[in-house]
Amino acid sequence: MNSNFFDKNEPTPIESIVYCLENGQQVDFAIKRDDLIDKHISGNKWRKLKFNALAVLNDNNYQGIASFGGAFSNHIAALAALGNQLNIPTLGFIRCHEIDINNPTLKRAQQMGMELVPLSREQYKQRNQSEFIEQLRQQYPDYFLVPEGGSNDLASQGLKELAYEISEQSSGDYDYIACAIGSGGTIQGLLDAMPEQKFIGVAVVNDTELLTRLTNKYHDRLIIITDNLTKGYGKTNDQLNHFCLNFYRQTNVPVEPVYTGKLMYQLVKLLGTNNAFKTTKVLTIHTGGLQGIKGQIFRCQCRPDQWQPIIDHLDF
Ligand SMILES: *Cc1c(COP(=O)(O)O)cnc(C)c1O
């Protein structure tokens, strides 16, 4: 088996950056560069998929891994690439009425050997319902089913490793660790693995039920900032695009508008304009997801000429 594929995974670096806001105010914080783990299996998706993949490699009942995602999903992109590396068949249930093979995420997933199955909006809504899951299990008995975004119990083991890496590298001297919140699996995994640590989460999905649940569970260990900048998940605008490009120019750290750009935007605003956070030491997690830039360009949400330097930097 190829399970020693994961052994080459060295701890990702923590870098200190300085960012200068338009008002001249400078902010500095540290970034855990999980985007550097692997070009295609990046960031938190690597962390979350690792123990899922190992479980499947060690379990003769399953031949492959199936999961769910939108048409530009980082999770789908990562799963397809991981399956390709480990020789595990992968199946992607995609929220779309038909598979658009010009979509860069789906095209690449297919090239990586993933079988793509379109699910209608109505079907996709049932993705967490036991009846629907049971039906898929019967239809695809050889596939281990991972939920959308990859957040399950096996994923939390990978996040424990991330937490361990951070504490080894930094001996716990950050006031806050910040990361983006999608399904919430990443921040919950870290909150549970680091019970003494406080967190800042930037929500990129307006899922009030999830955010209420997180607040009720973690109280004042967690500050949640909601996205008031764009019109919802996956959306960007000139202001956010401008910020991402500027952030890259100043720090040489590429970010994208769906997750890490929103995270950095809210964070520099907080550190640069809120006096209570003036001397706060923050570590942000770069959760990767840079493949999404190609999707944003495909959807005409980002201009290719403006983003070319980042595309060149990423070299994929
Ligand atoms: C999926 C993803 C997230 C969200 O992670 P959750 O565990 O779902 O909260 C954050 N950043 C990037 C780059 C992602 O791809």
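Select E15 and R33: their side chains form a salt bridge with an N to O distance of 2.9 Å (a salt bridge is a side-chain nitrogen of Lys or Arg within 4 Å of a carboxyl oxygen of Asp or Glu). E15 belongs to strand β1 and R33 to the loop between β2 and α1, so the pair ties together parts that are 18 residues apart in sequence. Helices (H or I, at least four residues) and strands (E, at least two) are DSSP runs, numbered from the N terminus. R33 is buried at 4% relative accessibility, while E15 is partly exposed at 27%; buried means under 20% relative accessible area, exposed over 50%, and partly exposed in between (1.4 Å probe, protein chains only).

The model is predicted: local features need pLDDT of at least 70, side-chain atom pairs count only at pLDDT 80 or more, and totals for chains, interfaces and linings use all residues. Residues are numbered from 1 along each chain as its sequence is written, and side-chain values use heavy atoms, with hydrogens and water left out.

**Helix α1 and its charges**

Next, select D34 and R47, which form a salt bridge with the closest N and O atoms 2.8 Å apart. D34 lies in the loop between β2 and α1 and R47 in helix α1, so this pair ties together parts that are 13 residues apart in sequence. D34 is buried at 1% relative accessibility, and R47 is buried at 2%.

Move on to K50 and E161, whose closest N and O atoms are 2.9 Å apart in a further salt bridge. Here E161 is in helix α6 (residues 153-170) and K50 in helix α1, so the pair ties together parts that are 111 residues apart in sequence. Shared partners join K32, D34, R47 and E165 into one network of salt bridges.

K48 is also in helix α1 (residues 43-57).

**The open sheet**

Display the 6 strands in the order β1-β2-β10-β7-β8-β9, an open sheet with mixed pairing (two strands pair if DSSP finds at least two bridges between them). β1 and β9 (222-226) are at the edges with a single partner strand each, so one side of each has no neighbour in the sheet. β8 and β9 are parallel over 5 bridges, and F199 has L222 in β9 as its bridge partner. Helix α8 (residues 208-218) packs on the sheet and touches β7, β8 and β9, where contact means heavy atoms within 4.5 Å.

**The nonpolar cores**

Now colour the largest nonpolar core, which has 41 residues; Y19, F29 and I200 are among those with the most contacts inside it. A nonpolar core is a set of buried Ala, Val, Leu, Ile, Met, Phe, Trp, Tyr and Cys residues joined through side-chain atoms within 4.5 Å. α10 gives the most to this core, with 7 residues. Y19 has contacts beyond four places in sequence that include F243, F247 and V268. A second, separate core of 30 residues includes L82, C96, A109 and M114.

Finish at F277, in the loop between α10 and β10 (282-285). F277 is buried at 12% relative accessible area. Beyond four places in sequence, F277 is in contact with Y176, I200, I223, L270 and L271.

Key:
Axes fitted to C-alpha atoms, helices over the stretch in contact; angles between N-to-C directions.
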